[in-house]
Amino acid sequence: RPTALAQLQACAAVGQGELMHRYTLALRKHEALGAQVLLTQQDLIDRTRIRNAKQTLLTLLHRQVMPVINENDTVAVEEITFGDNDRLAAFVACAIHADLLVILSDVDGLLKHGTVVPRVEMLSRAYRLVAPAAARQTTKGGMASKLEAARMVGARGIPMVIANGTSPSALADVLSGKPTGTFFVPRRPGVHPSP
C-alpha cells in the first residue's frame, strides 16, 4: 500500500472502476442494474449537496437501480486520511431516512468475551467492550467506527445491525428478522443517552 497521497488517489481511481466492474457483473446475473455514486464528506454536510445526493439516491432506488456508494477518494484528501465506510454508510442512512442500516463486516457482531452481544440498547456500555484496534494497512475504522455509525443513526431513530458479511445469507437473514449479529436499538425521540 503506498503512503504518498498522489499514489493513494491514483490507486483509488483504478479501484473505483474495478469495484464497479465487479458489481456490474454480479448484478447482471440477477438481471439488475447498478449505479456508481461517489461522495465526499462535504457532499453530506452541505444542505444543497445533501439534498441533491438524496434525490439521486431515492430516484435510483425508485427505479430499482442499486446505488453502489463509495467515498470519492480521488478528490477528497480528508477522506483518505480520516474517512471510513462505516461513517459514510451512517451519513447516507441519515440523509435518506433509511429504515435500517446494516453493516456487513468480517466479524459476527459486537463481542463480549468472545460471544456476540445480540442487542445493544445503551451505546455507552458497548464502547466499554471495544479495545483500541490494532492498525491494519488495508482497513480503517474497526469496531469503534461501527459504534460511531450506530450513534449517528441511532440519534435519528434508525436501528442498525452489524453482521458477518462472509456468510452468503447474512443480509437475507437480517432482512427476514432472523437473529443475526448485533442489533443496535435507536434512541427514541426526546430521549438522550446517559453520559
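1. In this predicted model, pLDDT, the predictor's confidence in each residue on a scale from 0 to 100, stays under 50 over residues 134-138. For this stretch the model has two contacts beyond four places in sequence, a contact being heavy atoms within 4.5 Å. Over residues 190-195 pLDDT also stays under 50, with four such contacts. Where pLDDT is low, the predicted coordinates should not be read in detail.

2. The mean pLDDT of the protein chain is 86, and 87% of its residues reach 70 or more. Confidence is lowest in helix α3 (residues 77-82), at a mean of 53, and highest in strand β7 (residues 160-164), at 97. Helices (H or I, at least four residues) and strands (E, at least two) are DSSP runs, numbered from the N terminus.

3. Helix α2 covers residues 47-62, which is 16 residues. After α2 comes Gln-64, which has a positive phi, near 60°.

4. Ala-53, Leu-57 and Leu-60 of α2 are buried, meaning under 20% relative accessible area with a 1.4 Å probe, protein chains only; exposed means over 50%, and partly exposed lies in between. Seen down the axis of α2, the buried residues fall within an arc of 60°, so they line one face of the helix. They pack against β1 (33-39), β2 (65-71) and α4 (85-95). The face turned away from this buried side carries the exposed residues Arg-47 and His-62.

5. Residues are numbered from 1 along each chain as its sequence is written. Side-chain values use heavy atoms, with hydrogens and water left out.

Definitions and conventions:
Predicted model: local features only at pLDDT ≥ 70, side-chain atom pairs only at ≥ 80, totals over all residues. Expected span 1.5 Å × (residues − 1). Arc of directions from axis to C-beta.
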